Amino acid sequence: MSKAMAAQPASPLSRFWYKWRFHINILLVLIPLGFMPKYFADVALFRGTSGLGERTVGEVPVGPWSITLAEFRAAPPELDGPAGYMKTFTGALCKECISQVKATYLRIGKPRSLRAAGGIFFGSAYRMGATVPLPTRTKTDAELWITMEGWDGSVHQAAVPLEQASPSTVAWLQKHQGGKP
């Protein structure tokens, strides 16, 4: 009563899998390894072991204090939805002024008052970060303004040319705005 079952021919996909399954699985392990150098570079950047950022601007004196400013990523500004284009900077206060500075702000263009001082730096005084919006009509000769407020109520400001602070942003502005000054 038993019937002999005829063996069905293997499909081309099945034959491909049985022939190449070992090699395909090795690829599944090797492909992620190709992305490891970028991953480790990003980890070092976020932890601060590779410095403040990808490009250090330098030490900027702001009144009696100073801040070491760096571009977090040496790349053009990134679109952040309805907020527009944003650029991230990092900074570290000088050791002498850590106990004297209450808040540090960053803005493109001169602030009209302390209430409009721009994006506030967050994080520890040894590694702070601030994201500043790039206004749509930013000129290539704009300045990046740093405002520091002390615990004694004093406010000091300093400006850094945008060309010095972020050459990639100026190049992006020239391309984005069609070379308008």
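**Close-up views of a predicted model**

**View 1. The helical segment at residues 20-40 and the division of the chain.** Over residues 20-40 the chain is 95% helix and 0% strand, with the end C-alpha atoms 32 Å apart. The protein chain is divided into domain 1 (12-50) and domain 2 (55-178), and the C-alpha centres of domain 1 and domain 2 lie 38 Å apart.

**View 2. The open sheet in the order 6-5-9-10.** Four strands form this open sheet, and their pairing is antiparallel. Strand 6 (119-120) and strand 10 (155-161) each have a single partner strand and stand at the edges, so one side of each is left without a neighbour in the sheet. Strand 5 (residues 101-108) and strand 9 (residues 143-150) are joined in the antiparallel sense over seven bridges, and L106 stands opposite I146 in strand 9.

**View 3. Strand 2 and its partners, strand 1 and strand 4.** Six of the seven residues of strand 2 (residues 65-71) are buried, so that the strand is mostly covered. Strand 2 pairs in the antiparallel sense with strand 1 (residues 55-62) over seven bridges, and with strand 4 (residues 85-93), also in the antiparallel sense, over five bridges. A70 in strand 2 stands opposite T56, and A70 also stands opposite T90 in strand 4. The hairpin of strand 1 and strand 2 has two residues between the strands, and in this hairpin G63 takes a positive phi near 65 degrees.

**View 4. The salt-bridge network around R73.** The structure holds five salt bridges, and K38, D42, E54 and R73 are linked in a network of such contacts. R73 forms a salt bridge with D42, in which the closest N and O atoms are 3.4 Å apart. Because R73 lies in the loop between strand 2 and strand 3 (78-79) and D42 in helix 2 (residues 36-47), the pair ties together parts that are 31 residues apart in sequence. R73 also meets the side chain of E54 in a salt bridge (3.3 Å, N to O); E54 lies in the loop between helix 2 and strand 1, so this pair ties together parts that are 19 residues apart in sequence. R73 is partly exposed at 22% relative accessibility, and E54 is partly exposed with a relative accessible area of 45%.

**View 5. The salt bridge between R55 and E71.** The closest N and O atoms of R55 and E71 are 3.4 Å apart in this salt bridge, which links R55 in strand 1 with E71 in strand 2, 16 residues apart. R55 counts as partly exposed at 24% relative accessibility, whereas E71 is buried, with a relative accessible area of 0%.

Conventions:
Residues are numbered from 1 along each chain as its sequence is written. This is a predicted model: local features need pLDDT of at least 70, side-chain atom pairs count only at pLDDT 80 or more; totals for chains, interfaces and linings use all residues. Side-chain values use heavy atoms; hydrogens and water are left out. Domain bounds come from an automatic or database domain assignment. Two strands pair if DSSP finds at least two bridges between them. Buried means under 20% relative accessible area, exposed over 50%, partly exposed in between (1.4 Å probe, protein chains only). A salt bridge is a side-chain nitrogen of Lys or Arg within 4 Å of a carboxyl oxygen of Asp or Glu.
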